[in-house]
Amino acid sequence: MSDTPFGFGLPPEEPDDGDEGKKKDQESGGGQGPANPFGFGGLPGAGGFGGPGADNPLAAMFGSLNPTDLGAAFQQLGQMLSYEGGPVNWDMAKQIARQTVSQGTSDGTKDASIGPADRTAVEEAVRLADLWLDDATSLPSGAGSAVAWSRAEWVEATLPAWKELVDPVAERVGTAMGDVLPEEMQAMAGPLIGMMRSMGGAMFGTQIGQAVGVLAGEVVGSTDIGLPLGPVGKAALLPANIDAFGKDLGVPRDEVRLYLALREAAHQRLFAHVPWLRSHLYGAVDGYARGIKVDTAKLEDVVGQFDPQNPEQLQDALQQGMFQPEDTPEQKAALARLETALALVEGWVDAVVHAAAKPRLSSADALRETLRRRRASGGPAEQTFATLIGLELRPRRLRDASRLWASLTDARGVDGRDGLWAHPDMLPTASDLDDPDGFVHREQMDFSELDKMLGEAAEKPDLKKKDGSEDDTE
């Protein structure tokens, strides 16, 4: 996560070109650093909390600002405290994510506008990837278009999906922040509870903004966490991050880009032509999230000891985790469903991409193993997911699922393997991942007749007698 603890910084006037945005930010004194928890612009001479001027927090925060900057800072603070939207202040999340992107990544690379050469290269890579995938899967192309995104564009395009993923947990935390007050105080503490919920929305907005901003500097496409984060039918790659990913691999840049285009295009096929899959995955996430409880004891400690001069306490509490899964059969089942669903998606993509790339790319094995290790080591996607909804995926399931899909291809062919996506009840379960051979050689279920009967029943007129009894005639 970002080194900036609470990060309520004024967003820079960031153009698509990250370097220009950073320069403008520095020239206007609008940058923020680790020593400035609130991030209200550069504070020359103030040093932030803990630096010179720390004995006078207001002077440290505002003393050196000119009247225009001071007004903007108070306006930002007012917006934070007066926020009355949902459980997450998404406006703040967007501002901080873009600000994080404009600061560049830890290796010194900055965001920049996408040039014509990169756009053309991505379009051609996705087009070629779709041709190769035609031989590896029976699902047709799902990418109506291919785009090259800057990091800032990735943030803009994926925030709606993050909202759908994070809001259920944030809602519970916001409610818990009001519930930690003693009952005798709650009746007369309406404004205080409202302010605490606004603070909670700001806290989540800050955390999510920083997480998404950091993630934007590392992801290579729109499907890195196995969920469709971008618009439907739009295959997206991030050229700057692809270059960083392939920097020390010793693999030609074109091959790296093409292999990652294969993965993006394979995800797009799956989500485009399995209509129930997106809602199934998001429903599994929501089902797991609803079973998580907030550690109210920890939250009480944080709220009871909250020091306005030390706002990073809230940030630290969220980063250390306030979420505890309920140790119930229902919650364990929800977790198993979610992990299995994500593993099946990732495993299918891994198997299909390998089948398409192996005969054509000499680097296919090396790239496949690099990506597997990236996921197994708790890469950025898993870490961000764990921070935001209290969930840590078990990457070992991804390898299990990939082996199962490969075995299904050998035993039933491409059509037989991909036909399992026709109905959610036909997919392997968690126990099937433990015994792939048993699942592969099990008698196949055919839901086509059942679906046909259900469809006919739904279309059949509801013939009733006037007295309410059923009519025996057609």
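Figure 1. Helices (H or I, at least four residues) and strands (E, at least two) are DSSP runs, numbered from the N terminus. The buried residues of α11 are Leu277, Leu281, Tyr282, Ala284, Val285, Tyr288 and Ala289. Because they cover an arc of only 150° around the axis, they lie on the same side of α11; the arc is that of the directions from the helix axis to the C-beta atoms. The face turned away from this buried side carries the exposed residues Ser279 and Arg290. Buried means under 20% relative accessible area, exposed over 50%, and partly exposed in between (1.4 Å probe, protein chains only).

The model is predicted: local features need pLDDT of at least 70, side-chain atom pairs count only at pLDDT 80 or more, and totals for chains, interfaces and linings use all residues. Residues are numbered from 1 along each chain as its sequence is written, and side-chain values use heavy atoms, with hydrogens and water left out.

**Figure 2. Packing of helix α11 against helix α14.** The axes of α11 (residues 277–290) and α14 (residues 329–357) come within 9 Å and cross at roughly 145°. Axes are lines fitted to C-alpha atoms, for helices over the stretch in contact, with angles running from 0 to 180 degrees between N-to-C directions. From α11, Leu277, His280, Leu281, Ala284, Val285, Gly287 and Tyr288 meet Gln331, Ala334, Leu335, Leu338, Ala341, Leu342 and Val345 of α14; contact means heavy atoms within 4.5 Å. By class, this contact has 11 nonpolar, 3 polar and no charged residues. Ala, Val, Leu, Ile, Met, Phe, Trp, Tyr, Cys and Pro count as nonpolar, Asp, Glu, Lys and Arg as charged, and the others, Gly among them, as polar.

Figure 3. Trp348 belongs to α14 and counts as buried because its relative accessibility is 0%. Not counting residues up to four places away in sequence, Trp348 touches Thr137, Leu139, Ala266, Leu270, Trp405, Arg417, Asp418 and Trp421. Trp348 and His267 are 81 residues apart in sequence, with a C-alpha to C-alpha distance of 9.0 Å.

Figure 4. Leaving aside neighbours within four places in sequence, His354 is in contact with Pro359, Asp365 and Arg368.
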